[in-house]
Amino acid sequence: MCDENGLFKSLSASGHAGFSTKGKDIVCAGISILLDTAMEVLLKTEGIVLEKEIACRGKLAFHVASFESVVPVEERLKCIADFIRQGINSLTKDYPAYVLLREIKQ
């Protein structure tokens, strides 16, 4: 997910939480909103080229293809990594049987 400097690089999420039926699962909805928001912020950030893959319902992946190495852009990438990490950790605390965060440093 992040490089050695804590800059966001990529994310892949798949599956359904299984808390409730598809379409009514609050845990899945929480993760979806969190990740969609992070992706939209990155897509709208000048100096970041983001590539996304939405293959099917229940799967989302996106990665930073390139970025300008300037302080505002790097700070945005650090902030997004923190936002995603904190959001998923919050859901994990509330619903530990339904959410798993696996973070890989690149």
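## The largest pocket

Helix α1 is the top contributor to the lining of the largest pocket, giving 7 residues. (Helices are DSSP runs of H or I with at least four residues, strands are runs of E with at least two, and both are numbered from the N terminus.) This is a predicted model, so local features need pLDDT of at least 70 and side-chain atom pairs count only at pLDDT 80 or more, while totals for chains, interfaces and linings use all residues. Residues are numbered from 1 along each chain as its sequence is written, and side-chain values use heavy atoms, with hydrogens and water left out.

The largest pocket holds about 950 Å³ of space. Of its 34 lining residues, A13, S14, G15, I31 and L35 are the closest to the centre. Elements giving two or more residues to that lining are β1, α1 and β3. Sorted by class, the lining has 18 nonpolar, 8 polar and 8 charged residues.

On a 1 Å grid over the protein atoms alone, a pocket is an open set of points with protein on both sides within 12 Å along at least five of seven lines, and lining residues have an atom within 4 Å of a point. Ala, Val, Leu, Ile, Met, Phe, Trp, Tyr, Cys and Pro count as nonpolar, Asp, Glu, Lys and Arg as charged, and the others, Gly among them, as polar.

## The sheet

Now for the strands. An open sheet is built from 3 strands in the order β1-β3-β2, with antiparallel pairing (two strands pair if DSSP finds at least two bridges between them). Because β1 and β2 stand at the edges with a single partner strand each, one side of each has no neighbour in the sheet.

β1 (residues 10-14) pairs with β3 (residues 59-67) over 5 bridges, and S10 sits opposite H63 in β3.

How do α1 and α2 sit relative to each other? The axes of α1 (residues 26-43) and α2 (residues 71-94) come within 10 Å and cross at roughly 180° (axes are lines fitted to C-alpha atoms, for helices over the stretch in contact, with angles from 0 to 180 degrees between N-to-C directions). The two are therefore roughly antiparallel, the label for angles over 145 degrees.

Where they meet, the contact (heavy atoms within 4.5 Å) includes I31 and L35 from α1 and F83 and I84 from α2.

How values were computed
Angles under 35 degrees count as roughly parallel, over 145 as roughly antiparallel, 65 to 115 as roughly perpendicular and the rest as oblique. On a 1 Å grid over the protein atoms alone, a cavity is a set of points where a 1.4 Å probe fits but cannot get out, and a pocket is an open set with protein on both sides within 12 Å along at least five of seven lines; lining residues have an atom within 4 Å of a point. Grid points are joined across faces, edges and corners, and a volume is the space filled by probe spheres set on the points.
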